[in-house]
Amino acid sequence: MRTGYLWDPVFGWFDHGSGPMFPADPLAGVQPIASHISSPDTKRRLHELVEVSGLVEHLHRVPSRTASDEELTRVHGEAYVSRIRAESEQPKGGDAGDGISSFGRHGDRIAAVAAGSAIAMTEAVLDGVVDQGFALVHPSGHHGLPDHGQGFVLFNNIAIAVRHVRATRDVGRIAIVDWDVHHGNGNQDLFADDPTVLTISIHQDNCFPPGSGSIDDRGTGPGTGYNINVPLPPGTGDDGYRYAADSVVAPALAAFSPDLIMVACGFDANAMDPLARQLVTSEGFAALTRTVMDAARDTAHGRLVLVVEGGYSPIYVPFCGLATLETLAGTHVLDDPLLPIVGSMGGRRLEPHQKDVIDRAANLVADIA
Ligand code: 6DK
Ligand code: ZN
């Protein structure tokens with residue numbers, strides 16, 4: 001199996017600025033902090049681990065590219081793209097929509113490389129250049145909607161890749177599996193009425209966006225039944241995630257039988273993440289990866305594209321990402337040095353209140369035709 005890998009150093013240069021996630025008020029005792037919580041340094045550290053560990057020798061580098069305006073506007077409105085372009089010309093940049101999705105001067109160009117890279121990896125898989133791929137991009141994409149960004153997102157990278165496939169190729173069903181700890185609301189909404197795109201989001205209940213990601217969101221019109229949300233309680237660990245993978249993701253993919261599987265691959269369910277309260281270790285991410293690989297092999301000719309989303313522990317995300325890539329590549333290069341610590345803190349076992357939610361979501365699989 002040839003595994004594609006994409007990282008462009010320009011992703012590490014994306015500037016979210018400092019203020020918005022933690023508004024300073026020095027004389028009231030709120031000290032400023034120099035970096036935004038979504039600093040691309042976390043992803044850069046993952047990339048450096050891929051190189052230093054030697055795993056890169058087992059991967060096939062796929063070059064990045066910039067998404068054109070035609071490609072961006074298959075998902076986003078022209079007025080929105082123009083606004084992002086105009087704000088990007090400003091000396092201090094702008095914000096995609098919610099005040100925490102700030103970007104520096106020319107941030108639009110880096111975001112267009114993230115979107116173009118999701119396309120590039122998807123094409124590399126569809127063309128057989130690689131069997132499967134992992135695109136380590138920044139900024140993230142899965143909250144992106146036609147006329148606004150939010151949650152550190154400018155453009156919806158995966159949706160742009162899916163629309164590109166639809167516009168240029170004859171690929172039947174496409175599944176998007178989102179294991180970022182936040183709800184994949186952008187992809188849910190963009191493909192809500194489309195029964196040829198199955199969206200599954202496993203996320204922490206009511207984490208972000210506020211009020212989004214209910215188990216009762218099932219899609220609309222002809223797309224009804226083709227969206228599944230698994231809103232997990234805080235404190236869910238490897239066994240809960242594995243149970244969700246085995247009893248929701250795997251059977252849903254088997255029933256849907258996609259020709260291509262895209263993964264919104266966030267690492268922010270990791271046990272050290274500052275933005276969520278889940279307890280997944282590198283072993284949990286490896287198990288999720290095996291689930292989608294098995295499904296891709298069984299239904300999609302192995303076609304699997306992982307596009308990275310969030311993940312905010314600069315310490316632990318690199319090891320979770322490495323385990324994901326090791327699983328894809330079928331090679332082990334390095335033991336997770338933090339596993340003895342995070343793996344022994346408790347919280348791994350499936351608890352009844354977690355099982356209840358997952359069992360309810362598993363019942364929804366029957367609606368997939
Ligand atoms: N606000 C993402 O990981 C983005 O899904 C997640 C954005 C979450 C922002 C909400 C949040 C806080 C937290 C602490 C203090 C103040 C505000 F799109 C992705 F990047 F992938 O946690
Ligand atoms: Zn997230």
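Predicted model: local features only at pLDDT ≥ 70, side-chain atom pairs only at ≥ 80, totals over all residues.

**Surface, fold and ring pairs**

Me: What radius of gyration does the protein chain have, against that of a compact globule?
Reply: The C-alpha trace spans about 50 × 50 × 45 Å along its principal axes. For 369 residues, a compact globule would have a radius of gyration near 21 Å. The protein chain agrees with this, at 19 Å.

Me: What percentage of the residues in the protein chain are buried?
Reply: The protein chain contains eleven helices and ten strands. A residue is taken as buried under 20% relative accessible area. Among the 369 residues, the buried share is 59%.

Me: Of the contacts between residues at least 6 apart in sequence, what percentage join residues at least 24 apart?
Reply: Contact here means heavy atoms within 4.5 Å. Among contacts in the protein chain between residues at least 6 apart, those joining residues at least 24 apart make up 77%.

Me: How far apart are the mean positions of the positive and negative charges?
Reply: The protein chain has 26 positive and 46 negative charges. The distance between their mean positions is 2 Å.

Me: Which kind of aromatic pair do Tyr 80 and Phe 155 form?
Reply: The structure holds seven aromatic pairs. In the pair of Tyr 80 and Phe 155, the centres are 6.3 Å apart and the planes stand at 90°. Planes over 60 degrees apart count as one class, so the pair is edge-to-face.

Me: Where in the chain does Phe 155 lie, relative to strand 5 and helix 5?
Reply: Tyr 80 belongs to helix 3 (residues 78–89), and its partner is 75 residues away. Phe 155 sits in the loop between strand 5 (132–135) and helix 5 (157–168).

Me: Is Tyr 80 buried or exposed?
Reply: The cut-off for buried is under 20% relative accessible area. Tyr 80 has 4%, so Tyr 80 is buried.

Me: Which residues do ring pairs link into a cluster?
Reply: Ring pairs join four residues into a cluster. They are Tyr 5, Phe 134, Phe 267 and Phe 285.

Me: Which residues does Ala 295 touch, leaving out those up to four places away in sequence?
Reply: Ala 295 lies in helix 8 (residues 282–299). Its relative accessibility is 10%, so Ala 295 counts as buried. Beyond four places in sequence, Ala 295 touches Leu 253, Ile 261 and Ala 300.

Terms used: Residues numbered from 1 in each chain as written. Chains lettered and ligands numbered in written order. Heavy atoms only, no water. Helix = DSSP H or I, 4+ residues; strand = E, 2+ residues; numbered from the N terminus. Rg over C-alpha atoms; globule rule 2.2 N^0.38 Å. Buried < 20%, exposed > 50% of the residue type's maximum accessible area, 1.4 Å probe, protein only. Lys, Arg positive; Asp, Glu negative; His and termini not counted. Charge placed at Lys NZ, Arg CZ, Asp CG, Glu CD. Phe/Tyr/Trp six-rings, centres within 6.5 Å; stacked < 30°, edge-to-face > 60°.
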